Amino acid sequence: MKRRDDEWVSLLVVTGATLLVAFGLIALVGSNLMVAASSFLRGIFGSSYAMSEVLVRATPLMLAALGVSIGFKTGFTNLGAEGQLYMGAIAITATALVFPGLPPIVMIPLVILVGFAAGGAWALIPGFLKARFSISEVIMTIMLNYVAINLVGILVRTSLKDPAYPYPMSPILPESANFMQMLPPTRIHAGLVMALLMVIAVHLLVFRSRLGFEMRAVGLNGRACLCSGIQVNRATILSAIAGGGLAGLAGVSEIAGLHHRLIEGISPGFGYVAIIVALLGKNHPVGIVFASIGIAALQIGSMAMQRTAGVPTSIASIVMGALILFLVIRDSRQSIAILEGV
Amino acid sequence: MEPIVVVTTFFAASIRMAIPLALAGLGESISEKSGLLNIGVEAIMLCGAFFSFMVVFSTGSFFLGILAGMLGGLSMSMLHAFLSIRFKANQTIVGLAQNFLALGLTSFLFLMSFGQTTTLPSTRVLGDLPIPLLSSIPFIGQVLFSQNLFVYLTLGCMVLAHICFYKTDFGVALHAVGEHPIAADTAGLQVHTIRYIAALFNGILGGLGGAYLTIVKLGFFQENITAGKGYIALVAVILGKRTPFGILGAALVIGGAEALQIRLQTAGTGIPSQLFAMFPYLMTIAALLLTIGSANDPAALGIPYDRDKR
Amino acid sequence: MPVLEMKDICKSFFGTYANRDVCLEVREGEIHALLGENGAGKTTLMNILYGMYQKDAGSITIDGHEIVFKSPKDAIARHIGMVHQHFTLVPTLTVQQNITLGLRDSGYPFSRERARCEHIDRLSDSYGLKTHSRTLVKKLSVGEMQRVEILKLLYRKAKILILDEPTAVLTPQESDHLFAMFKQLKAEGCSIIVITHHIQEVLDHCDRVTVLRDGCSISTVETKGIDAKQLSTMMIGRELVPVARERQNHHMDAPVLELVDFGFKRNGGKVGSVNLSLKQSEILGIAGVDGNGQKELLETLMGLRHHEKGKVVCCQQDISNASTAERRLAGIGYISDDRHRDSLVLDMGIAENLLLRPAQSTTTTQGRMVNKQCMLEQATRVVKEFSIKSHGLQEPMRFLSGGNQQKLVLAREFIGSPKVIIAFQPTRGLDIGATEFVHNQLLAMRSAGCATLLVSTNLEEILLLSDRIAVIHEGSIMATIENKAVDITRIGLLMAGVKTEGAAR
């Protein structure tokens, strides 16, 4: 019981410290704290539309963060969700444009599958290289992000370009490839349902299945798994694929639910923020649900703060960075306390 | 243009592109040799770039600007070292969080100081400093000795680092701390102190690398000005196998790719510029593939040292 | 006056005492033994003296001055030196660099290699410690590494030398040489503290002995006028009951495990090669000094290293190129010498650690899912059968004692009733109770028909358990002998690589 209390206390301390940082920065800009805080909160809770926007933004974050967390479980430090997301987006666009006549009942599962496969394939590259040749996945995934982003840039100017407009973007996708709008006039779409289903799927995979057990064991002590006859490389590669696939679904969801066409910059760094979300959610599927909504709210709120109180939105990045650093300190203090307390 | 002029300017441009990578890479290699894996080079460079720009902008003094850049880099590398050593934190996560922090912080402070502007505030840049006599050697003089202060500084750092790594006791100590901290400790070395010193160098050199971008190359600052150069510096460290001249070589190769892509982009071929922009990244990937089977990471890289835990 | 006095030293780790009111007094020019079984707190005490650990209470006096060491650096300045059981040498540095690591001499900060090497060579000559100061440490044998460690102390002019289990990596003959050198040092006024759990060593070579048990110092006595039995009772607190080992009538079946011209790459690139065969209900012990290729042999045998050449046949099945999983499925169980690294996931509980085996061989998976109920039942059964003490099946292994951890490893390896057990130092770091348990379990498996390949650097363990004994030296088997009336001297010579039988006496 006592440990539970400590958990809450330390969480409060972390929250307090983070708020302090945020308030300090707001004061630095010379904005009125009360004005800034109220515009932040109104940006999130001010209307049902504002609240729905939080969920809209949480959707890709949740999917990508689930992907990142699966990688983290096996010790595959996947910093490439951004690129995998873009690959998913390319895949759905290309598929929907090549087969425009498919009925939704075929189209939707197809684009989901293709998007998953594209993201998974993109993550397979660093996954395979890590498993087979122990090449650092950290750098490889980041390099692949830049490649994927530039690839989108090329495609929307060449083979996927909408010939009707001079801008770098693809044509509007056939309607059969659109996710259902759940609660018009809000922009909440079926991607959110997909994300929540994936939460369950990931939970089952990680905590209930044999493969999930192997993944966790590999992440905690790969050497022991090797000695025990568990296929370490298989677990690593599969976790990379699954993780990349989920990030790819984030791309699918953004296109099918929101943009309906491929443009540059469909992701304002979702793939990177997803890493923060996964860490905040302690790599646990349920934790990730809350963390993704929380971070989405932070971003939406800070946008409102910029509009009305003149506080730059980059405060959100600062807060996220600081939050992770505080959590790192808390966790290490906690593990020391646990070891000494028993 | 005459072919020889093209070649000369290309090489000179490659060197200028390579400088920030080489400086930051050298710093990171010192850190990694001691066992501290800091993937927050991006954060170090960003802070270096931002603070040096701010100081040059407001005081006009390059000396103070360079100093500010070093301090900016230091703030990030020392924070990383402190969390890694004192709290035995996961070094990759700290580095990552710092990248967020620095990205947010620099653009926040920048917007705070200048507001949303249509024209970027800019300063004059550090000029070239041709070395008398040497600069008049054909080709080599143009490529090597008609450069700015940072180029000479980088070359000097490389030589110094080489001597330090392979000829001094500190180099041996650094190696020991990264390979086998327990052995280093029992031999009477202060493991944590040495790691802090390594982080110090990392901050200074990375900060200089960042400062180069703003006060030498561009003369202005904008959000995320490093655009992944910190990560590419990490690649240079791996390719160069943590040896000063190896890193310089790797930085030159990547810098060459960068110079080439800019040249091709501006050539106006009708091909989307993204294809060329992708080129340096594809090259680093290809180069990473070449390191297969020759990894030489320090044995204790990324692992916190704890006497009580053996 | 004693050169060193440690008084009422207390030290606890995570709430459990490692040292409680321990007293130790060492005189000038003596060889002082610190005797105790594994986990008695000998190494902790010496690490406190060497500045690696900070004491919780008590005082340390050297030459009459009370001192506080914050780190080994302070201890070295006070001319104290320590050779740890796991050598603390940087493999990628040269012998010279290791010896002079952290020292400041006239050329600082530049490394004056030639002068240092000459100094080291002079020193090594005068003590008969042959070394090449420019060789990389990773190229050295374990015995050579020990010489480098000792040279490190001598180079630093240590007056109090601490050696943790120095004879563990030596043949009996080499051990005699080592103690002869200690006598030379003693004559020069040095004090030597030897950590050991070998009673005979204490009686043969040491002047005085301090016995530690359960973290407390029991007493300090002169070795003259005390016998092995008395020391053993002091050390263990009770009389030792020898493990009963009944003779088995060997089945004359075809061998269960056969290694034919089996090659394996040793650290440093040399290739070792052995021929071995194991029958049902047989324990084949492989004796040898640590670092003679045992680890590489076993890891290659388990498919953890690249197969070089030759054949491995297990139950008529050629598994030479099989994966680790396939080898295990063929009926091989593996107990590694490093359970934390190779056998356990310390952050998982008992139940999940039992699942750590090839997926095909677990009974707890249904389809692709883990049957949680089945998993917990299995764990409950194992905990009862092996009397594992824990706070529940989900408690991370990290918090279990070494003995209980090892019991779980044994339990897991025995679950599928393997045909062959490969046991590598199965009692390493365990106290006497746990050691006895492991020995009895291995014998029980033997009675059940299991063939066991027991590899240990502890000769007593080999002699106690084995039906046959093979001696390994430099990656090859010197000889295989029936364990009836074995000649220890001969085994010692074989361990040192001397093959002629005439040289035995």
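This is a predicted model: local features need pLDDT of at least 70, side-chain atom pairs count only at pLDDT 80 or more; totals for chains, interfaces and linings use all residues.
Which strand of chain C holds C:E222? C:E222 sits in strand β10, which covers residues 216-222.

Residues are numbered from 1 along each chain as its sequence is written, chains are lettered from A and ligands numbered from 1 in the order in which they are written, and side-chain values use heavy atoms, leaving out hydrogens and water.

**Around C:E222**

With a relative accessible area of 40%, C:E222 is partly exposed. On this scale buried means under 20% and exposed over 50%, with partly exposed in between (1.4 Å probe, protein chains only). Beyond its neighbours within four places in sequence, C:E222 is in contact with C:R27, C:D207 and C:R208, where contact means heavy atoms within 4.5 Å. The C-alpha atoms of C:E222 and C:L203 are 9.4 Å apart, and 19 residues separate the two along the chain.

**Chain C as a whole**

Chain C contains 17 helices and 22 strands. Its radius of gyration is 24 Å, close to the 23 Å given by the globule rule for 505 residues, so chain C is as compact as a globular protein of that length. That radius is taken over C-alpha atoms, and the rule is 2.2 Å times the number of residues to the power 0.38. Among contacts in chain C between residues at least 6 apart in sequence, 66% join residues at least 24 apart.

**Chain B**

Chain B has 12 helices and 0 strands. A compact globule of 310 residues would have a radius of gyration near 19 Å, and the 20 Å of chain B agrees with that. Of its contacts with a separation of 6 or more, 76% are between residues 24 or more positions apart.

For a look inside chain B, take B:S31, which belongs to helix α1 (residues 3-33). B:S31 is buried, at a relative accessible area of 1%. Not counting residues up to four places away in sequence, B:S31 touches B:L36, B:N38, B:A198 and B:N202.

Here are some whole-chain values for the two chains. Accessible areas come from the Shrake-Rupley method with a 1.4 Å probe.

| Chain | C-alpha box along the principal axes | Buried residues | Accessible surface |
|---|---|---|---|
| Chain C | roughly 70 × 50 × 50 Å | 55% of 505 residues | about 21300 Å², 49% on carbon and sulfur atoms |
| Chain B | roughly 65 × 45 × 40 Å | 58% of 310 residues | about 11600 Å², 70% on carbon and sulfur atoms |

The size of an interface is often given as the accessible area lost when the parts come together. Chain A and chain B bury about 3600 Å² between them, with 86% of it on carbon and sulfur atoms. This buried area is what two parts lose on being put together, summed over both (1.4 Å probe). A:I139, A:M143 and A:L325 supply 16% of the area that chain A buries against chain B, more than any other three residues. In all, the contact takes 44 residues from chain A and 40 residues from chain B.

Conventions:
Helices (H or I, at least four residues) and strands (E, at least two) are DSSP runs, numbered from the N terminus.
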